[in-house]
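Hi,

Here is the structure I said I would pass on.

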Amino acid sequence: MVTFQKTAAALIAVSTLLVGITAASAAGEDDIKYRQTNYKAVGAHLGAMAAILKGEVPHKDQLAGHADALAMIAKNAPSLFPEGSGPDAGDTKAKAEIWSDPEGFKKVLDGFDVAAANVAAAAKTGDMDAVGAAFKQLGASCGACHKVYRAK
């Protein structure tokens, strides 16, 4: 009887551990999906702004809204990369360097935040040349991150 109780206790302990590991894995996958949704939104706003800036669509009145949305996502970007949401957690292009080089990654995210805020400020002025210049800087900030911290 003692052996049965020990075996049962061991099975319960292992099951609890496995449930915890599975839940952690699901949380990492959920974080990845959430991050990817945010960056798809970044791409959509960038695409809309580019179409406006190129004169492909007549929606200059919507430029500031897109820029504000980008600025908000950029401000929230650090929270989109929690521990456990790296390449081992699921299907992501986020490289392990994000977590192994937190200072470098923070620097590029800070650059994204500043560049997005600059685009938002320029968009509020209505000066399309200023918006275009700020938009180029925003693109450079995106590239700075992608070169080091995003897999192809």
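The crossing of α4 over α5 is left-handed. Keep in mind that this is a predicted model. The axes of these two helices, α4 and α5, come within 8 Å and cross at roughly 165°. An angle over 145° counts as roughly antiparallel, so that is how α4 and α5 run relative to each other.

If you want to see who does the touching, show these side by side. On α4, the contact is made by Gly104, Phe105, Val108, Gly111, Phe112, Ala115, Ala116, Asn118, Val119, Ala122 and Ala123. On α5, the partners are Ala130, Val131, Ala134, Phe135, Gln137, Leu138, Ser141, Cys142, Ala144, Cys145 and Tyr149. Sorted by class, the α4 and α5 contact has 17 nonpolar residues, five polar ones and no charged ones.

Next, the other helix pair. Helix α2 (residues 63-76) and helix α4 (residues 102-125) have axes that come within 8 Å, crossing at roughly 160°. That makes α2 roughly antiparallel to α4. The crossing of α2 and α4 is left-handed.

From α2, the contact takes in Leu63, Ala64, Ala67, Asp68, Leu70, Ala71, Ala74 and Lys75. From α4, it takes in Phe112, Asp113, Ala116, Ala117, Val119, Ala120, Ala123 and Lys124. What is the split by class in the contact of α2 with α4? There are twelve nonpolar residues, no polar ones and four charged ones.

Of the elements, α1 gives the most, with seven residues. By class, the lining of the largest pocket comes to twelve nonpolar, five polar and five charged residues.

Cheers

Technical notes
Residues are numbered from 1 along each chain as its sequence is written. This is a predicted model: local features need pLDDT of at least 70, side-chain atom pairs count only at pLDDT 80 or more; totals for chains, interfaces and linings use all residues. Side-chain values use heavy atoms; hydrogens and water are left out. Axes are lines fitted to C-alpha atoms, for helices over the stretch in contact, and angles run from 0 to 180 degrees between N-to-C directions. Helices (H or I, at least four residues) and strands (E, at least two) are DSSP runs, numbered from the N terminus. Angles under 35 degrees count as roughly parallel, over 145 as roughly antiparallel, 65 to 115 as roughly perpendicular and the rest as oblique. A crossing is left-handed if the near helix is turned anticlockwise from the far one by less than a right angle, and right-handed if clockwise. Contact means heavy atoms within 4.5 Å. Ala, Val, Leu, Ile, Met, Phe, Trp, Tyr, Cys and Pro count as nonpolar, Asp, Glu, Lys and Arg as charged, and the others, Gly among them, as polar.
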